[in-house]
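Please load the model in a viewer and keep the sequence panel open. The stops below say what to select next and what is there.

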Amino acid sequence: MSASPKIFEDFPSDGWLSRFVDWIADWGKLVLDTLEAVGDFVLFVYRAVIWLFSRFPKMETLWPNFYSVGVSSLPVVALTGTFIGMVLAVQGYFQFRQLGLETRLGGVINLTLVRELGPVLAATMLAGRVGSSMAAELGTMRVTEQIDALAAMGANPIQYLVVPRFLACLLLIPVLTIMADYMGMMGGYFYSVQILSVDSHHYWYNSAQFVTNFDLFAGLFKSLFFGSAIAMISCYQGFHCSAGAEGVGRAATASFVYSFVAILALDLMLGIALDAVYFTIYPEGGRTL
Amino acid sequence: MMIESILSQEQPLVEVRDLSIEFYGQTVLRDINLSIPAGQTLVLLGESGCGKTVLMKTLIGLIKPTRGRVIFDGLDLHTLSDQELSRLRLRFGFVFQNAALFDSMSIAQNLAFPMRQHGDFSTAQIQELVSARLAEVGLPKTVLRKKPAELSGGMRKRVGLARALIMNPEVILYDEPTTGLDPIMTDVINQLIIRTRRRGPVTSVIVTHAMETARRVPDRVVMLYPISRLDPHEPQIVYDGPPGELDQCRDRRVRQFVNGEAGQRLMELVGDNEG
């Protein structure tokens, strides 16, 4: 393990006291390293925001990122959304049928999709498909000195590489979320109505009763935070990639893991905050089956 | 007053003052002082890992010093904002060791990049300058449509040189421009560097460990020695003088490098293996 600080050098090299000092030193180092990494990340985000407002990126740098984040991600988001909708129908149907409430299935599936699964699923797909790719691409640029070359030619790498990716994720994740919501609804409808023979009219009637504009807003609002977090985490990992193929691979993996953790943590915090907003606006709110 | 006046008139274009750089607690450069007057061609010589490239990247603000300052034309680089530094870097050209061409762009886009990024140039002007610079480094126009991966190492280095020259910079920094090239291509690159200097007033800093380049190209040679092999109070610059006097230098470390002798290093390896 790491060496103890100098002030402890007089301590005996073995025994419980020495091990305890090492243990404290290791934890101290971990805390300091974590604080340094968090501070570094915050500064990275700050610089990206400053560049976003000081000089808008050129369209030639925006379009490829918009295409990669938006157009290329649509099929996979649509496909996974469809399956999630059907899975919800499969899992929910037998529980609801025992209570004779199978026509309420539409409300539960669609509310779950719009409020939670649609945004989280679209964000997870974005983190896996686009975030890792961004980290690997920027990481390769870092280790082959292409990022240094950009800076040496007077282009700011954050303005040139990070801001367009951030904008693409921020502006297009709501679109992907709407696609995930829509295809999930279609999948849920197809399985419930076409396969499980739930009454179509009541399926949609209950959906309309359950899902409000606020739910749709809440899902899309959350997705903006997810998209921002994915872009920033992935770009940061790429920019701070260590040398070699192993470093690039590690950056790609880390970008997905940290993005996924961030998505879930943000989902929880924003869920609590949005519920508080909902009950402030609608004090009598709260849905019942 | 008179001395101050003379000093201000001869103010160097690039000045490094008491520069120290550490990475993760490990010192790479220690108390480096270096003045480079405008128009000088300087070679930074030294064995791998002695901090030559780190020093050069510090000259353009790509690496921040742990201590000390880098002053370019009277401006302390590390007090400038991102925007100010970006503008200042337009006065530099940087030839990277492996060219650092952008993979996703064609050679034409790579060459045009600095102009598109900053200059108010028309498409016709860009095409004209790109063709001219490409011709200067002896490459045919057919490479313009190709991607960097389709070119040989020597061609990539020449494209890197053409890209560094495209904005007519005041200072050109070359990071190991001949490493990994065959003797003929090494001579081509050396000649291109000499020709660039003759073409107009330019200050050049060349990082290399190729003695051929160090003898033929510069006005001045500065040799760095790795910190790990120095005593705490020994200076890291072990030679600073004209290239013609390198062979007469009596410093054992300089002689060993110039003559390419393993000497004590071989004994260390044997000792390590036996240990």
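Which residue of S2(B) does Val16(B) stand opposite? Select Val16(B) and look across to S2(B): the residue facing Val16(B) is Leu34(B). Keep in mind throughout that this is a predicted model.

Together S1(B) and S2(B) make a hairpin, with two residues between the strands. Select Tyr24(B) in that turn, where phi is positive, at about 50°.

Select residues 67–72 of chain B to see S4(B), which pairs with S5(B) over two bridges in the antiparallel sense. Within this pair, Ile71(B) has Asp76(B) of S5(B) as its bridge partner.

**The mixed sheet of chain B**

Move to the open sheet of six strands in chain B, ordered S6-S7-S8-S3-S9-S10, where the pairing is mixed. Its edges are S6(B), at 92–95, and S10(B), at 237–241; each has a single partner strand, so one side of each is left without a neighbour in the sheet. From one strand to the next, the twist averages 15°.

Select S6(B) and show its side chains. Phe92(B) and Phe94(B) point one way, Gly93(B) and Val95(B) point the other way, and all are buried. In a regular strand, side chains alternate between the two faces of the sheet. S6(B) runs parallel to S7(B), and four bridges join the two. For one of these pairings, select Phe94(B) and its bridge partner in S7(B), Leu173(B).

Further along the sheet, select residues 41–45 and 203–208 of chain B, which are S3 and S8. These strands are parallel and are joined by five bridges. Leu45(B) is the residue opposite Thr208(B) of S8(B).

**Two helices of chain B**

Select residues 107–118 and 153–165 of chain B, helices H4 and H6. Their axes come within 7 Å and cross at roughly 30°. Because of that angle, H4(B) counts as roughly parallel to H6(B). The crossing is right-handed. On the H4(B) side, the contact is made by Ile107(B), Asn110(B), Leu111(B) and Pro114(B); on the H6(B) side, by Val159(B), Ala162(B) and Arg163(B). These contact residues divide into five nonpolar, one polar and one charged.

**Where chain B meets chain A**

Show both chains. Here 18 residues of chain B are in contact with twelve residues of chain A. On the chain B side, the elements that give two or more residues are H3(B), at 82–88, S6(B) and H4(B). H4(B) gives the most, with four residues. The side of chain B that touches chain A has ten nonpolar, four polar and four charged residues.

**Two long helices to pair in chain A**Select residues 105–143 and 157–195 of chain A, helices H4 and H6. Their axes come within 7 Å and cross at roughly 145°. H4(A) passes H6(A) in a right-handed crossing. The residues of this contact comprise 18 nonpolar, seven polar and two charged.

Stay on H6(A) and select Leu172(A), which is found in that helix. Is Leu172(A) buried or exposed? Leu172(A) counts as buried, because it has 24 C-beta neighbours inside 10 Å. Leaving aside residues up to four places away in sequence, Leu172(A) touches Phe66(A), Val69(A) and Gly70(A). To set a distance on screen, pick Ala273(A): it is 101 residues from Leu172(A) in sequence, and the C-alpha atoms are 23 Å apart.

**Last stop: a loop of chain B**

Return to chain B and select Asp247(B), in the loop between S10(B) and H9(B), the helix at 252–259. Asp247(B) is exposed, with 12 other C-beta atoms within 10 Å. Finally, select Lys57(B), 190 residues from Asp247(B) along the chain; 28 Å separates their C-alpha atoms.

Terms used: Residues numbered from 1 in each chain as written. Chains lettered and ligands numbered in written order. Predicted model: local features only at pLDDT ≥ 70, side-chain atom pairs only at ≥ 80, totals over all residues. Axes fitted to C-alpha atoms, helices over the stretch in contact; angles between N-to-C directions. Left-handed = near helix turned anticlockwise from the far one by under 90°. Nonpolar A, V, L, I, M, F, W, Y, C, P; charged D, E, K, R; others polar. Pairing = 2+ DSSP bridges. Parallel < 35°, antiparallel > 145°, perpendicular 65-115°, else oblique. Contact = placed C-beta atoms within 7 Å. Buried ≥ 20, exposed ≤ 12 C-beta atoms within 10 Å, placed from the backbone.
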